[in-house]
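Please keep both in view while reading.

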Amino acid sequence: MKIPILEVRELRRYFPVRTGVFLKKSGDVRAVDGVSLKVHRGETVGLVGESGCGKSTVGKTILNLLKPTSGQVIFEGKDLSTIGRAQWRLLRRKIQIIFQDPMESLNSRHTVGEILEEPFIIHKLGSPMQRRAWAQELLKKVGLNASSIGRFPHEFSGGQRQRIGIARAIALQPKLIVCDEAVSALDVSVQAQIINLLLELQRKMELSLLFIAHDLSVVRHLSDRVAVMYLGQIVEEASSDEIYQNPTHPYTRALIAAIPVPSPKNTRDRAILEGDVPSPINPPSGCRFHTRCAYSRPDCQRKIPKMEEVKGNHHVSCLRWRELLHL
Amino acid sequence: MTEPVLKVEELSCGFNTEDGYVRVVERLSFDIDAGKTLGLVGESGCGKTVTALAIMGLLPKPSGHIEGGTVFFRGNVLSNTSAPNLKEVRGRNISMIFQEPMTALNPVHPIGKQLVEAIDLYEPEIHQTDQRIRALELLTKVGIPEPAQRLKEYPHQLSGGMRQRVLISIAIAGNPDLLVADEPTTALDVTVQAQILELLRNLQTNYGMAMIFITHDLGVVAEICDEVLVMYAGRTAERANVTKLFEVPRHPYSQGLMASIPRLDAPCKVPLPAIEGIVPALGNLPSGCSFSNRCLYSDNKCKKENPPLMDAGSGHQVACHHWQSLG
């Protein structure tokens, strides 16, 4: 059995809800409520779900940008909650993140050169001359002109800015990159370019990616495995082909059915999911999906489903998945 | 032949900027029949929203203006450079919904007040209590649960999908003949998007509204449109019936767009056939065909002459010098 580069065990992250004059804590937003997943070397794991399901919180907690309420994040065999600041500093080189909006995540007052040299300065690598050369090399790696080093972020288009964001993320030769909606804000033609760039960099650098997005078709295209999240929990996990060919959880099925297919003759019968995602402050009892599920039974309101194996590497958390296989 | 609800002839518009006049839409022509949906498709900055605003007479003043062309509503001139009868038509006969319902609704007034305001505008003669009944009817029509309760609520208390439903109910308050929908589902989750598309389709079949549907998502186009106009840099690239467009896209840009969408049924982790390069700045279009600098098939003729819209049979029009040889 290979040891995964990243393992997340029973991760929980709650945000307190404070009300009243004295801001008394009245409850918790259970943004992430018991998420476990593994990412292997050179692998892409996709994390997909609707807005508010906690997928970004998972990403931020892995990077320790948010402290986990409970649970463990284990990177290269080390439990990240037990290590000190000095060790974190070393580890940060190996874990990077790319955000959705590169205009917000790049300092608009810094030139591209300054942005790309910063990681080296923080980690005290190279001389100024070397750092400049490295920055130029990074620009070439992500398909930008090395001469654009003196320009500012606003002089670039959205897709080019995302390339700069990627260049910064790969600067320190990381092992794992968390991509948080990295292509969601881009136009289709540019999105395809960035997807291709990520695929290419992953192959060349043996990167592991945790690709977080709401668009299942994009996630599936980039990933080896896909985990589907609903209200802070993973409800189904399978290989990219399997999740599309044999979606087992009713939510995954509904999610796939809701994706508009670019083919007008498509005669797929669609079961449209009713209602909205319930509040994560008071998530529904039992199976969290039961309020919107077409197959829910009284049992689903009481029993909490466990992750069960459908077949090798395909797991689902639904009380009725066996019966539903034949529907 | 019945008269089209809306007919746009050679519409050109643009903006005065610090760097001089920039033309954003160039000689756009189309018409829409009752009960049909025309999709305006293209990437950001291609002029699709500006086209809609020009039709509605909502171009920001004083910088934006209609340079030429005519818009006919049921045979009457609606807007050319001067538009006296626009106020009569706008809202009652043509109404519009926007991408972000939170910014389109007034945050300091309850939903009910905003709905009644619209009803009062179209039917000033009806009594206040009847207005309330009308508002309830409208909310029920757009599938809002517990409408009586919702009337008292403020926009921030509703979810994104519900807000969009409220906006739609305001838009249909005057029983319009034409609904202009500017990316109404882009900000929504896929499952909610499916609900809103279903709602728009039902409203259309029940009331025979014509619709202009602006989107960048070809999947959504396939779901909801009858006719499609593909725009690139303010010009028409291709115009066709939706089935035709997806079966035999003629313009290299349409072909490229379709190839670059990650599909659920395609193999994963392979590079997507992306369109290279970026959309040119509108003030700085390449000479000749505006797509020539990104097109795989462009030659000297493309770089010199802007291709006219050519007939490719059965209502299919394409603006490309080489469409016949592209197959």
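The sections below treat the model from the whole chain to its elements.

## Basis and overall form of chain B

The structure is a predicted model. Chain B contains 13 helices and 12 strands. Its C-alpha trace spans about 70 × 50 × 45 Å along the principal axes. The radius of gyration of chain B is 21 Å, which agrees with the value near 20 Å that a compact globule of 327 residues would have.

Two further figures describe the interior of chain B. Of its 327 residues, 47% are buried. Among contacts in chain B with a separation of 6 or more, 64% join residues 24 or more positions apart.

## Interface between the chains

The contact between the two chains involves 38 residues of chain A and 37 residues of chain B. On the chain A side, helix 7 (188–205), helix 8 (216–222), helix 9 (240–245) and helix 10 (250–258) each supply at least two residues. Helix 7 of chain A gives the most to this side, with 8 residues. By class, the side of chain A that touches chain B comprises 19 nonpolar, 12 polar and 7 charged residues.

## Domains of chain A

Chain A is divided into domain 1, made up of residues 6–20, 28–94 and 174–324, and domain 2, residues 109–171. The centres of these two domains, taken over C-alpha atoms, are separated by 30 Å. Their contact takes 12 residues from domain 1 of chain A and 10 residues from domain 2 of chain A.

Helix 7 of chain A provides the largest share of the domain 1 side, 6 residues. That side of domain 1 of chain A has 10 nonpolar, 1 polar and 1 charged residues.

## Domains of chain B

In chain B, domain 1 covers residues 6–93 and 176–326, and domain 2 covers residues 109–171. The centres of the two domains of chain B lie 31 Å apart, taken over C-alpha atoms. Here 11 residues of domain 1 are in contact with 10 residues of domain 2. Helix 8 (residues 190–207) of chain B gives the most to the domain 1 side, with 4 residues. The residues of that side of domain 1 of chain B divide into 8 nonpolar, 2 polar and 1 charged.

## Helix 4 of chain B

Helix 4 of chain B runs over residues 111–122; at 1.5 Å a residue, its 12 residues should span 16 Å, and the end C-alpha atoms are 17 Å apart, which agrees. Its buried residues are Ile111(B), Gly112(B), Gln114(B), Leu115(B), Val116(B), Ala118(B) and Ile119(B). These buried residues pack against helix 5 (128–141), helix 6 (147–150) and helix 7 (160–171) of chain B.

## Strand 3 of chain A

In strand 3 (residues 44–48) of chain A, 5 of the 5 residues are buried. In a regular strand the side chains alternate between the two faces of the sheet. Both faces of strand 3 of chain A are covered, with Thr44(A), Gly46(A) and Val48(A) buried on one side and Val45(A) and Leu47(A) buried on the other.

Strand 3 of chain A pairs in the parallel sense with strand 8 (residues 208–213) over 5 bridges, and with strand 9 (residues 225–230) of chain A, also in the parallel sense, over 4 bridges. Gly46(A) takes part in both pairings: its bridge partner is Phe211(A) in strand 8 and Val226(A) in strand 9.

Technical notes
Residues are numbered from 1 along each chain as its sequence is written. Chains are lettered from A and ligands numbered from 1 in the order in which they are written. This is a predicted model: local features need pLDDT of at least 70, side-chain atom pairs count only at pLDDT 80 or more; totals for chains, interfaces and linings use all residues. Two residues are in contact if their C-beta atoms, placed from the backbone, lie within 7 Å. Ala, Val, Leu, Ile, Met, Phe, Trp, Tyr, Cys and Pro count as nonpolar, Asp, Glu, Lys and Arg as charged, and the others, Gly among them, as polar. The radius of gyration is taken over C-alpha atoms; the globule rule is 2.2 Å times the number of residues to the power 0.38. A residue is buried if 20 or more other C-beta atoms lie within 10 Å of its own, exposed if 12 or fewer, and partly exposed in between; C-beta atoms are placed from the backbone. Domain bounds come from an automatic or database domain assignment. The expected span of a helix is 1.5 Å times one less than its number of residues. Two strands pair if DSSP finds at least two bridges between them.
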